[in-house]
Each structure stands twice: as structure tokens, then as C-alpha cells.
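Subject: Structure handover

Hi,

Here is the structure for you to look over. My notes on what turned up follow below.

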Amino acid sequence: MDDIKTPEELSNFMSKNIDYGYLGKNNRVYHYNDSDFDSEWYEQYILENSEELVNNSYGNCFDQVEFERDWFLKNGYEIKTIYEMVKLDYNNVYPTHSFLAYKDNDCWFWFENADFDNRGIHKFNTFEELLNYQYEKYVEFLKTFNITNEELERIIVTDFEKPKEHISAEEYLNHVINSRQIKINKKMGGNTHE
């Protein structure tokens, strides 16, 4: 990590070296193509630290955001770490997501590696524009799951602090869900994005 000097270098390093997966309590690394990837996740998942992520070359968005957090804070950036989910009172198949935003030269940037379709660095004039744009991407993805409009109304977005390493899926979810909620201005429009 010491050789990485810019966000662009970090993005390049991660896209070449970190694949989507997770470390299990059983020390097994689960790849997203494994047949038991989803069925084992809730019971097996533990939040990796940055060294484990690099050594294993696998991490989900939770792990990758913490690796990114370490690098950006070490390099003096203002950051926000954001979590989003459809919070329902019943089990569902809707994915959740964590991501990192950082500020540089009075602009905000969405840094993304875990979400293959949006991988890279996306520039915005304000944090609100970034959040609204990314939220729309999340809703667009959720619609591929045949989500209802009522369920879409149950999306929560939180700004969370660094969790403890090696916590379980349940502990991680409790941490991020109980963090500061952010209200999304769904009618904002006029986003400037590069």
C-alpha cells in the first residue's frame, strides 16, 4: 500500500488484484462463483483487515471499503463511508452495498471497485450529487430483482464509522444499520458527473 500514491493508482491496483469474495470463519476464501457463496455467507463471513484482503486477493464491498478507508485516511483525504439496503421485516434477496466517497479539490468522488458495473472513480461537484447519482444506480440494480415500489420505499442509507475487524455478518449489519441515516433527495436532478 505504501507504493500507491494516488486514488487512480489505488483504483488500478484494486481492479487488477482484488476480486469479489469473502473470508470465512473457517479460513476459507469464498469466490462469488462458488456454489455455496450465498448460502454460507451469513454464517461464515468475517470482516477482513487490509492485510488479509491483499493476501487473499478477495473481499466483498464491506471488506474493500475498509481497505479503501485505510488508504484514504493514511493519505489525508476527507471521506465518507456509506451503506445502503432495502430494510424489510422479512427475508429477501435484495443486495446491500457499502461504498466510499472522498473529497479532493472541492469535489467529491465515488470510489468503486466491488461493483463491477460501476468500477472506477466518479467525480461530482457536491456530496449530495454523488449520493443521489449512486442511489439511482442502486435502485436501477434493484429493479433487476423485480422489487416492488413499496419495497423501494424501504431503502435506507447510512454514513458509518469504521467497524471492528473480524466481526461477523450480523455484527457488521447491526453496525451499519444503526449508523447515522442519510435522507436522499430523490427529486434532485441536474447532477454533474464525470
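Three strands make an open sheet, ordered β2-β1-β3, with antiparallel pairing. Its edge strands are β2 (29-31) and β3 (45-46), each of which pairs on one side only. β1 covers residues 21-24, and two bridges join β1 to β3. Gly24 has Tyr45 in β3 as its bridge partner. Please keep in mind that this is a predicted model.

The loop between β1 and β2 holds Asn27. Phi of Asn27 is positive, near 65 degrees, and Asn27 is not a glycine. Most residues other than glycine have a negative phi. Is Asn27 buried or exposed? Asn27 counts as exposed, because its relative accessibility is 63% and the cut-off for exposed is over 50%.

Asn146 also deserves a look. Its place is the loop between α5 and α6 (149-152). Phi of Asn146 is near 60 degrees, again a positive value in a residue other than glycine. Asn146 is exposed, with a relative accessible area of 68%.

Next, helix α4. α4 has 14 residues. From first C-alpha to last it reaches 20 Å, close to the 20 Å expected at 1.5 Å a residue. How many residues of α4 are buried? Eleven of the 14 are, so α4 is largely enclosed by the rest of the structure. Charged residues are on that buried list too: Asp63, Glu66, Glu68 and Arg69 are among them.

At the start, a side-chain oxygen of Asn60 comes to within 2.9 Å of the backbone nitrogen of Phe62. After the helix comes Gly76, with a positive phi near 80 degrees.

Now the empty space. Rolling a probe the size of a water molecule over the atoms shows where empty space is left. The search of the whole structure found one cavity of 30 Å³ or more. α4 gives the most, with four residues. By class, the cavity lining has six nonpolar, three polar and two charged residues.

The largest pocket has a volume of about 1,400 Å³. Of its 38 lining residues, Tyr20, Val93, Tyr94, Pro95 and Thr96 are the closest to the centre. Two or more lining residues come from each of α2 (37-44), α4, β4 (78-86), α5 (127-142) and α7 (169-177). α5 gives the most to this pocket, with five residues. The pocket lining divides into 22 nonpolar, nine polar and seven charged residues.

Best wishes

Technical notes: Residues numbered from 1 in each chain as written. Predicted model: local features only at pLDDT ≥ 70, side-chain atom pairs only at ≥ 80, totals over all residues. Heavy atoms only, no water. 1 Å grid on protein atoms, 1.4 Å probe; cavity = no way out; pocket = protein on both sides within 12 Å on 5 of 7 lines; lining within 4 Å. Points joined across faces, edges and corners; volume = space filled by probe spheres on them. Pairing = 2+ DSSP bridges. Expected span 1.5 Å × (residues − 1). Buried < 20%, exposed > 50% of the residue type's maximum accessible area, 1.4 Å probe, protein only. Polar contact = N/O pair within 3.5 Å; in protein donor to acceptor, adjacent residues only side chain to side chain.
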